[in-house]
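Then turn to the rings and the backbone.

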Amino acid sequence: MQKRSLGHAGFEIAPIVFGGNVFGWTIDEKASFDVLDAFVDHGFDAIDTADVYSAWAPGNKGGESETIIGNWLKARPGMRDKVKIFTKVGSDLGVPGQKGLSETWILQAVEASLARLGVERIDLYFSHWPDPHTPYAETLGAYDKLLKAGKIRAIGASNLDAMQLDEALHVARAKDLPAYQVLQPEYNLYDRSSFDGPLRDLCLREGLGVVTYYSLASGFLSGKYRSKDDLGQSRRGEGIGKYLDARGLRILAALDDVAARHGASDAEVALAWLIAREGVTAPIASATKRSHVESFAKAVALALGAEDIAALDQASAP
Ligand SMILES: NC(=O)c1ccc[n+]([C@@H]2O[C@H](COP(=O)([O-])OP(=O)(O)OC[C@H]3O[C@@H](n4cnc5c(N)ncnc54)[C@H](OP(=O)(O)O)[C@@H]3O)[C@@H](O)[C@H]2O)c1
């Protein structure tokens, strides 16, 4: 599989990253091992998680996803050298002091993530959300310490808008601190506005790697939800109703047409559109079954034509 250079992170990845928020939520440890095995067997090599995954599931407190990934790495000798592990800090873990991007919390949180993952170094460490209470210089200073100590290999930011990212890059330059090398924005055929435009332009200008999240709009872009009656198919269903509007249905119709032309599925086309998008290094997508992982491999092999892309662009135009 053709690898892509991940911005200034200093390493390459295959063009789809596994989204680890399903581990310990919509799938248990055994099913998680199975989809991770399938993912690697297909030639993929990067996994995204966060300290907070999957705290929202009943009975969880966060850290479950990292723990499952750590257990999988331990159970598969030699696997650590084959995959890149991305994780995040900064979400509210629901315990006083355990949120945000202060130096104190980052230096503590990274140790907990390393322990759960059972690794000596995190390949890419993300600031999960902007923290209005902590100056960029403090956060980047903490990352500087972790980079120098070899506990992380590269840094990224998630959920920053163009102004925030620009300022963070400016602070890094002005204070001789490490700069964010990768951005993780929400981006898919339905949710285009948070990346298209100034943020994409900035990433292109600065050479940042971009890994998009909710790449399948939580499964909506697979086409398996067409009406409210379909929402019960997955535990995610209740979050998907918001896509069932006229624009969402127009996007599904365009996906259906392009998919029929290529003998592909809607999910494959939606991911192939992202892979072909200027400025995107790799979509992050999660899977709960081996067949989903197979659709990821087919998406990488699917070459959309200019006519396909124009039809999808037009149907999804905001
Ligand atoms: N940085 C952030 O703030 C942030 C926020 C959210 C997510 N993320 C990252 O992005 C990742 C992806 O987001 P996500 O998992 O929420 O959503 P997603 O990738 O948009 O949707 C994936 C879900 O769609 C379904 N699916 C996948 N392939 C399919 C196929 N071929 N056919 C039919 N259904 C298919 C599966 O759910 P079912 O089987 O349950 O239907 C799967 O769990 C997360 O795991 C996380 O790593 C980051």
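The paragraphs below go from the ligand to the aromatic pairs and then to the backbone.

This is a predicted model, where local features need pLDDT of at least 70, side-chain atom pairs count only at pLDDT 80 or more, and totals for chains, interfaces and linings use all residues. Residues are numbered from 1 along each chain as its sequence is written, and side-chain values use heavy atoms, with hydrogens and water left out.

Start at the ligand. Helices (H or I, at least four residues) and strands (E, at least two) are DSSP runs, numbered from the N terminus.

Now look at the ligand's oxygen atoms. One lies 2.4 Å from an N or O atom in the side chain of serine 286. An oxygen atom is also 3.3 Å from a polar backbone atom of glycine 20. For glycine 219, the distance from a ligand oxygen to a polar backbone atom is 3.4 Å. How much of the ligand does the protein cover? On its own the ligand has 910 Å² of accessible area (Shrake-Rupley method, 1.4 Å probe), and the protein covers 93% of it.

Next, the rings. The structure holds 15 aromatic pairs, meaning Phe, Tyr or Trp (six-membered) rings with centres within 6.5 Å. Phenylalanine 11 and phenylalanine 86 form a tilted pair, at 6.5 Å centre to centre and 40 degrees between the planes. Tilted lies between stacked (under 30 degrees) and edge-to-face (over 60). This pair links distant parts of the chain, 75 residues apart. Phenylalanine 11 is in the loop between strands E1 (4–5) and E2 (12–13), and phenylalanine 86 is in strand E5 (residues 84–89).

Finally, the backbone. Most residues other than glycine have a negative phi, and most peptide bonds are trans. The peptide bond from tyrosine 53 to serine 54 is cis, with omega near -5 degrees. Serine 54 sits in the loop between strand E4 (46–48) and helix H2 (64–75). Asparagine 159 has a positive phi, near 65 degrees.

Conventions: A polar contact is a pair of N or O atoms within 3.5 Å; within protein, one must be able to donate a hydrogen and the other to accept it, and residues adjacent in sequence count only if both atoms are side-chain atoms.
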